[in-house]
Amino acid sequence: MKTILCYGDSNTWGLIPGTHERYPWNTRWTGVLQEMLSGKDIRIIEEGLCGRTTVFEDSYRENRNGLKTLPLIMETHSPVDAVIIMLGTNDCKECFDLNAHSVAEGMEKCIDELLKFVSADKILLVSPIHLGENIWESDPEFNEKSLLTSSELKREYRELAKRKKLNFLAASDYAVPSLTDREHMTEQGHKDFAEAVFSSFANTL
């Protein structure tokens with residue numbers, strides 16, 4: 001059986017917009033993708049954590065540095081045949097004050113770690129959905145610069161994927177944040193994103 005590790009933040013964990021609750025497994029994009037892969041002898045490993053960044057330490061939440069936990073998770077689930085990584089939204093928070101290029105540099109460190117375990121053609125780099133307008137009204141950890149950084153991640157991640165010869169997908173091409181919190185995917189967004197991942201990457205393994 002082949003395994004696909006899905007490494008991400010709250011949109012991989014499956015946070016229901018405007019709550020602290022989690023969508024059911026068969027609603028989360030990882031669960032929807034698993035159902036699409038039925039019959040292909042592929043198992044989805046879901047590794048989502050709310051607040052996870054690429055490489056940055058959150059002073060208010062411990063263990064959110066994605067790079068630090070990535071090698072442990074890869075070894076835990078070894079052997080891993082392919083990886084889907086979608087991080088960057090939390091890097092856009094006001095406290096980090098980063099531009100999109102700096103976020104992509106953090107992602108590149110995560111990619112370099114993944115390349116110790118799997119080949120480049122088995123990695124799908126995903127730029128996350130964009131933050132919604134006036135995001136700070138629902139989540140004060142973000143500001144106007146956060147919006148700009150979020151909107152430019154697609155360009156920066158695409159360039160990173162091209163340079164590292166990775167597969168690439170922009171979640172923002174298929175899903176938008178809910179109107180409830182302007183940050184997390186709706187049920188329909190999870191479904192549409194899963195279909196895009198299936199068509200562009202998972203179905204080819």
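Trainee: In what order do the five strands of the open sheet stand?

Mentor: This is a predicted model, where local features need pLDDT of at least 70 and side-chain atom pairs count only at pLDDT 80 or more, while totals for chains, interfaces and linings use all residues. Residues are numbered from 1 along each chain as its sequence is written, and side-chain values use heavy atoms, leaving out hydrogens and water. Strands (E, at least two residues) and helices (H or I, at least four residues) are DSSP runs numbered from the N terminus, and two strands pair if DSSP finds at least two bridges between them. With parallel pairing, the open sheet has the order β2-β1-β3-β4-β5.

Trainee: Which strands stand at the edges of this sheet?

Mentor: An edge strand has a single partner, so one of its sides is left without a neighbour in the sheet. The two strands in that position are β2 (42–48) and β5 (167–170).

Trainee: How many bridges join β1 to β2?

Mentor: Strand β1 covers residues 2–8 and runs parallel to β2. Gly8 stands opposite Gly48 in β2. The bridges that join β1 to β2 number seven.

Trainee: At what angle does α2 run to β2?

Mentor: Angles run from 0 to 180 degrees between N-to-C directions, with axes being lines fitted to C-alpha atoms, for helices over the stretch in contact. Helix α2 (residues 29–36) lies across β1, β2 and β3, and its angle to β2 is about 175°.

Trainee: Which residue's backbone oxygen lies 2.8 Å from a polar atom of the side chain of Gln34?

Mentor: Gln34 is found in helix α2 and has a relative accessible area of 19%, so Gln34 counts as buried (under 20%, with exposed being over 50% and partly exposed in between, for a 1.4 Å probe and protein chains only). Leaving aside neighbours within four places in sequence, Gln34 is in contact (heavy atoms within 4.5 Å) with Trp25, Ile42, Arg43 and Ile44. The backbone oxygen at 2.8 Å belongs to Ile42.

Trainee: Which residue caps the N-terminal end of α4?

Mentor: Helix α4 (residues 100–114) has 15 residues and reaches 21 Å from its first C-alpha to its last, close to the 21 Å expected (1.5 Å times one less than the number of residues). A polar contact is a pair of N or O atoms within 3.5 Å; within protein, one must be able to donate a hydrogen and the other to accept it, and residues adjacent in sequence count only if both atoms are side-chain atoms. At this end, a side-chain oxygen lies 3.2 Å from the backbone nitrogen of His101, and the capping residue is Asn99.

Trainee: Which peptide bond is cis?

Mentor: The place to look is the loop between α3 and β3, where Pro79 is found. With omega near 0°, the cis bond is the one from Ser78 to Pro79.
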